[in-house]
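Let's walk through this chain together, one question at a time. Have the sequence and the model open beside you as we go.

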Amino acid sequence: MDKKLQVFVSSTYLDLIDERQKAVEGILRSGHIPAGMELFIPNNKTQWEIIEKWIKESDVLMLILGGKYGTVEKKSGKSYTQLEYEFALANNIPVFAVVLNEQYLANKKSKNIDLKVNEYEEENPNVDKYKSFKNVVTSNLVSFVHDINQISNEVTLALQNFMKNDEIEYHFKGWVRGTELNKNTPVEQSSQGNKLFDMDEILLNEVIDKLESEYFIDTIDYIANYCTYELESTNKIYDFIYTYSKPTKRFFNEELQNLFTELINKLNKYTNYLGVNFFRKNDGLYLYPELNIDYQYVDEEGRKTYEMHLNRLSEISSNTIGDIRNFVHASRITLYK
């Protein structure tokens with residue numbers, strides 16, 4: 001049975017945004033579906049009611065534990081992170097934790113001294129509660145990491161282990177296609193429908209693999225940070241747009257195709273921006289090189305103009321990275337819902 005696990009990602013938030021994203025990437029790369037509070041649609045229910053519902057509907061809870069205890073829920077006096085972890089255990093939902101070691105936290109702090117990464121930096125710290133919670137976490141399945149790139153790998157390995165022991169230990173509900181829910185009483189579905197689902201699944205896996213293996217996000221992030229690139233680095237994005245704009249490269253699931261069309265349009269918008277706003281100089285292309293901050297003799301008006309283009313580059317790059325990540329997540333759910 002081709003089963004996709006729903007993985008609830010738990011952590012403190014502002015201090016671990018990048019780490020959460022690495023975890024999500026690892027989950028998606030493994031072919032599973034991430035869930036977390038930042039993905040939820042607000043409604044009239046309380047925050048904890050929503051959390052309970054999503055944890056109960058998830059197969060695994062994955063915790064990222066940094067150096068902070070997190071926001072405390074007033075009634076219990078415990079952090080939401082601890083409550084999520086304990087709720088999963090109480091409901092027999094397997095848990096797995098990635099713990100950032102001391103060196104990791106020290107390096108993170110050195111890169112952004114204004115970011116609070118340790119509990120003792122808080123105005124009203126809960127150091128004892130944090131230590132107690134950490135002791136509980138490290139007594140269960142856990143992996144210590146010293147580098148952010150380890151997170152997605154550890155997540156992938158953990159999910160592989162869960163799936164390997166599914167039939168004999170976990171019996172995950174997961175997300176499966178309708179015809180596989182009960183082999184004895186299969187849901188009526190035409191062989192043509194199964195074939196189209198298979199074709200959509202193959203194409204989706206191909207697209208996601210291409211987005212990740214060609215490092216689109218890293219390329220876009222590099223250009224935004226350094227305001228320069230070589231054509232070779234963006235050719236893969238152009239090739240992707242060209243290849244997957246062909247009529248033969250389409251999904252039979254209409255909702256999935258709409259998501260994909262939107263992604264192609266967003267990538268087109270990004271590459272068009274590069275084509276209009278970057279200019280060749282020697283072997284590279286630069287964001288308005290006549291205004292580049294590396295040039296010493298630029299007047300005040302020139303600096304303001306460059307700053308405007310720099311801000312726009314940052315905005316469109318951030319939006320495009322978000323579009324890629326949103327497509328990968330939403331497409332998985334669309335195909336298996």
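## A buried lysine and its surroundings

Q: In which helix does K108 lie?
A: The model here is a predicted one. In it, K108 is part of a helix that spans residues 102-111. That helix is α4.

Q: Is K108 buried or exposed?
A: The relative accessibility of K108 is 14%. Buried means under 20% relative accessible area. Because 14% falls under that limit, K108 counts as buried.

Q: Which residues does K108 touch, not counting residues up to four places away in sequence?
A: Let's set aside the residues up to four places away from K108 in sequence. What K108 then touches is D15, L16, E19, L115 and V117.

Q: In β6, which residue is the bridge partner of M62?
A: Strand β3 (residues 60-65) and strand β6 (residues 95-100) run parallel and are joined by five bridges. For M62, the bridge partner in β6 is F96.

Q: Which residues make a nonpolar surface patch of about 320 Å²?
A: One member, Y13, sits in the loop between β1 (6-10) and α1 (17-29). Y13 counts as partly exposed because its relative accessibility is 43%. The patch is made by Y13, L14 and I17.

Q: What is the order of the three strands in the open sheet with antiparallel pairing?
A: In this sheet, β8 (228-229) and β9 (278-281) have a single partner strand each, so they stand at the edges. β8 is joined by two bridges to strand β10 (residues 284-287), and these two run antiparallel. The order is β8-β10-β9.

Q: Which helix packs on the sheet, touching β8, β9 and β10?
A: The helix spans residues 254-277, and its direction makes about 50° with that of β9. This is helix α11.

Q: How many Å apart in space are V207 and Y244, C-alpha to C-alpha?
A: V207 lies in helix α8 (residues 191-213) and counts as buried because its relative accessibility is 0%. Beyond its neighbours within four places in sequence, V207 is in contact with F240, Y244, F251, F260 and F327. V207 and Y244 are 37 residues apart in sequence, and their C-alpha distance is 8.5 Å.

Q: How many residues apart are D323 and K266?
A: Side chains of opposite charge can pair when their charged atoms come close. D323 and K266 form a salt bridge, with the closest N and O atoms 3.5 Å apart. The pair links distant parts of the chain, with D323 in helix α12 (residues 300-336) and K266 in helix α11, a separation of 57 residues.

Q: Which residues do salt bridges that share partners join into one network?
A: K22 and E25, both in helix α1, are three residues apart, about one turn of the helix. Their side chains meet in a salt bridge (3.9 Å, N to O). E25 is buried because its relative accessible area is 15%. The network joins K22, E25 and R325.

Q: What is the distance between the closest N and O atoms of E86 and K78?
A: E86 counts as partly exposed at 29% relative accessibility, and K78 counts as partly exposed at 29% relative accessibility. The two form a salt bridge, and their closest N and O atoms are apart by 3.0 Å.

Q: How many of the 337 residues of the chain, in percent, count as buried?
A: The chain has twelve helices and ten strands. Its accessible surface comes to about 18,800 Å², with 49% belonging to carbon and sulfur atoms. The share of residues that count as buried is 45%.

Technical notes: Residues are numbered from 1 along each chain as its sequence is written. This is a predicted model: local features need pLDDT of at least 70, side-chain atom pairs count only at pLDDT 80 or more; totals for chains, interfaces and linings use all residues. Side-chain values use heavy atoms; hydrogens and water are left out. Patches are made of residues with over 30% relative accessible area and no salt bridge: like charges are joined within 9 Å, nonpolar side chains (Val, Leu, Ile, Met, Phe, Trp, Tyr) within 5 Å. Accessible areas come from the Shrake-Rupley method with a 1.4 Å probe; for residues, only the protein chains shown count as cover. A salt bridge is a side-chain nitrogen of Lys or Arg within 4 Å of a carboxyl oxygen of Asp or Glu. Helices (H or I, at least four residues) and strands (E, at least two) are DSSP runs, numbered from the N terminus. Buried means under 20% relative accessible area, exposed over 50%, partly exposed in between (1.4 Å probe, protein chains only). Two strands pair if DSSP finds at least two bridges between them. Contact means heavy atoms within 4.5 Å. Axes are lines fitted to C-alpha atoms, for helices over the stretch in contact, and angles run from 0 to 180 degrees between N-to-C directions.
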